[in-house]
Amino acid sequence: MGVTQHGRTHRLDLADPTLREWTCTVLHSDAEQGIVLDRSAFYPGGGGQPPDHGVLLWQGVQTRIVGTRKGDDPYLIPAEGDPLPPVGTEVVGAVEDERRTRLMRTHSGLHVLCGVVFRDFGALVTGNSMEPGEARMDFNLPEVPPDFKSRIEELVNAEVAADRSVATRVLPRTEALALPDIIRTQSNLIPPDEQEVRIVDIVGLDVQADGGTHVASTAQIGKVQVVKVESKGRANRRVRVRLVD
C-alpha cells in the first residue's frame, strides 16, 4: 500500500482531500469481494478514520458505497442489493460530502488535541478512534491536573482560532523518521515495508506521520468541546471530544 497507489488503484483522496467527484473505470466487480476502481477518491479507512461513503453512477443507475475492505487493492463495499457495474465500465464516483468534511474536521481536531497535550503535558498517544463530529484519544498521562479538562479545551480552541495552516508532504522513510518527535504514538505504527511516509504539519504546533484526510487550516475545524476525561488504567487517560456546530 502506498501514498499515491494502492494495488491497482491510484489514490486521489490524499492528493486532493477536497475532491468529491471524478470519472474512473471498474477493474473488478463482485458482490462479496467488492468493487475495485482504477482511480478513487474514497478514503479507505485507517489510523482511526473510518472509510468514506458515496455512490458510483453509471448508465443511468447508481451503486451506493458503504465502506471499504483493504487488501491488495481497496475493495469498495456496495450496499446490499444494489446493481454492480461490470468490469470495464466507466463510472462517476462521488464521495458523500457532509460525512467526509466532518471527518476531516474531526481528524484535524484530534491532531490539534495531540499537539497541545504533547507540547504542554509531554504525553504520547496510546489509541484513538473517530466518527463524524466526535472522537476519543487516549494518552499515557499518569498525573492529571485537576483542571485538565477545562485547560485542554481552552488550549485546543485557542489553536483552532489561530488559523494555523495544515500542510502535507511525502518524504522517504529514512528522512521522515529522522524528524524529531514525528511518531506521537507510544509504538511506531508505520509498516516496516512502507518506504514513503506522509507527513501532516499543523504549522507551529504539530508535525507527525499520518495517512488521513484533513482540512486546510485549523479555523475550518470549528469549536471543539472536551466532553469527558476518563481513566483507562493507571497511566492511561481517555479524552472524548466533539465538534460544536
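The legends below accompany close-up views of a predicted model. In this predicted model, local features need pLDDT of at least 70 and side-chain atom pairs count only at pLDDT 80 or more, whereas totals for chains, interfaces and linings use all residues. Residues are numbered from 1 along each chain as its sequence is written, and side-chain values use heavy atoms, with hydrogens and water left out.

**View 1. Domain 1 and domain 2 of the protein chain.** The domain assignment, with bounds that come from an automatic or database source, gives domain 1 as residues 5–95 and domain 2 as residues 100–244. The C-alpha centres of the two domains lie 28 Å apart, and the contact (heavy atoms within 4.5 Å) takes 14 residues from domain 1 and 14 residues from domain 2. Between them the domains bury about 1,100 Å², 47% of it on carbon and sulfur atoms; buried area is the accessible area (1.4 Å probe) that two parts lose on being put together, summed over both.

**View 2. The salt bridge of Asp 52 and Arg 100.** The side chains of these two residues meet at 2.7 Å, N to O, where a salt bridge is a side-chain nitrogen of Lys or Arg within 4 Å of a carboxyl oxygen of Asp or Glu. Across the interface of domain 1 and domain 2 the rule finds one salt bridge. By class, the side of domain 1 that touches domain 2 has seven nonpolar, three polar and four charged residues, with Ala, Val, Leu, Ile, Met, Phe, Trp, Tyr, Cys and Pro counted as nonpolar, Asp, Glu, Lys and Arg as charged, and the others, Gly among them, as polar.

**View 3. Arg 238 in strand S16.** Strand S16 covers residues 236–244, strands being DSSP runs (E, at least two residues) numbered from the N terminus. Arg 238 counts as buried because its relative accessibility is 16%, and buried means under 20% relative accessible area, exposed over 50% and partly exposed in between (1.4 Å probe, protein chains only). Not counting residues up to four places away in sequence, Arg 238 touches Arg 136, Met 137, Asp 138, Lys 228, Val 229, Glu 230 and Lys 232.

**View 4. Ala 216 in the loop between strands S14 and S15.** The loop with Ala 216 lies between strand S14 (206–209) and strand S15 (223–231). Ala 216 is partly exposed, because its relative accessible area is 46%. Leaving out residues up to four places away in sequence, Ala 216 touches Arg 164, Ser 165 and Val 166. The C-alpha atoms of Ala 216 and Asp 30, which are 186 residues apart along the chain, are separated by 36 Å.

How values were computed: Helices (H or I, at least four residues) and strands (E, at least two) are DSSP runs, numbered from the N terminus.
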